[in-house]
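User: I have a new model open and would like to go through it with you. Could you take me round?

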Amino acid sequence: MLFRSYRRVNPAGGRILGWTEAELVGRDGFDLVPPEDAAIHRDTADAARVAQIANYENRLRHKDGSWRWLDTFGRNLMHVPAIGGILGVGRDVTEQRELQARLEAGERLETVGRLAGGIAHDFNNLLNVITMQAGLTDMDESLSGPVREGLQEIMAAAERASALTRQLLLFSRRQTMQPTELDV
């Protein structure tokens with residue numbers, strides 16, 4: 001394996017991770033790598049040994065226990081006696097990754113909202129037909145009491161379902177419900 005321990009750390013690198021140079025020098029390079037990412041780091045180190053250069057994003061543990069994402073450029077300088085290792089330069093991209101994740105979550109929510117709106121709209125059209133037919137049937141004066149009560153239940157259930165579809169439509173438009181009084 002190519003990369004074993006830190007030999008030198010510049011102050012900027014230490015600030016990104018919250019460690020001092022003294023705390024990092026001599027430390028195993030994989031101590032700061034999440035266990036689930038270790039294989040990827042080993043593969044990248046092997047690739048750098050062969051290709052002489054590697055560019056990748058990786059996670060490293062900050063001193064406070066959080067994880068920082070770094071866009072890292074590594075260069076194999078094993079053949080240079082003064083260095084004898086990999087020179088790595090990383091740029092902190094944690095904030096950009098978090099913003100990207102929030103953007104993607106917002107896009108997913110927007111898609112769910114559009115889907116909910118489409119379903120609610122179609123369902124509302126079906127409810128209108130049910131309500132209209134039940135209302136027309138209810139006008140028939142020859143209906144018995146139990147049948148009329150059943151029609152009333154159908155219309156009440158359709159009205160409750162219609163209220164639910166209005167809530168879905170509000171969600172799909174990202175609006176808040178603001179009931180107002182109207183004098184009809």
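User: What radius of gyration does the chain have, and what would a compact globule of 184 residues have?
Analyst: The chain has 32 Å, whereas a compact globule of 184 residues would have a value near 16 Å; the radius is taken over C-alpha atoms, and the globule rule is 2.2 Å times the number of residues to the power 0.38. Please keep in mind that this is a predicted model, in which local features need pLDDT of at least 70 and side-chain atom pairs count only at pLDDT 80 or more, while totals for chains, interfaces and linings use all residues. Residues are numbered from 1 along each chain as its sequence is written, and side-chain values use heavy atoms, with hydrogens and water left out.

User: What box do the C-alpha atoms fill?
Analyst: Taken along the principal axes, the box is roughly 105 × 35 × 20 Å.

User: And how many helices and strands are there?
Analyst: There are 5 helices and 3 strands, running α-α-α-β-β-β-α-α from the N terminus on; these are DSSP runs, with helices being H or I of at least four residues and strands E of at least two.

User: Switching to Asn58, is that residue buried or exposed?
Analyst: Asn58, found in strand β1 (residues 53-61), counts as buried because its relative accessibility is 6%, where buried means under 20% (1.4 Å probe, protein chains only).

User: Which residues does Asn58 touch?
Analyst: Leaving aside residues up to four places away in sequence, Asn58 touches His41, Arg68, Trp69, Leu70 and Thr72, contact meaning heavy atoms within 4.5 Å.

Technical notes. Buried means under 20% relative accessible area, exposed over 50%, partly exposed in between (1.4 Å probe, protein chains only).
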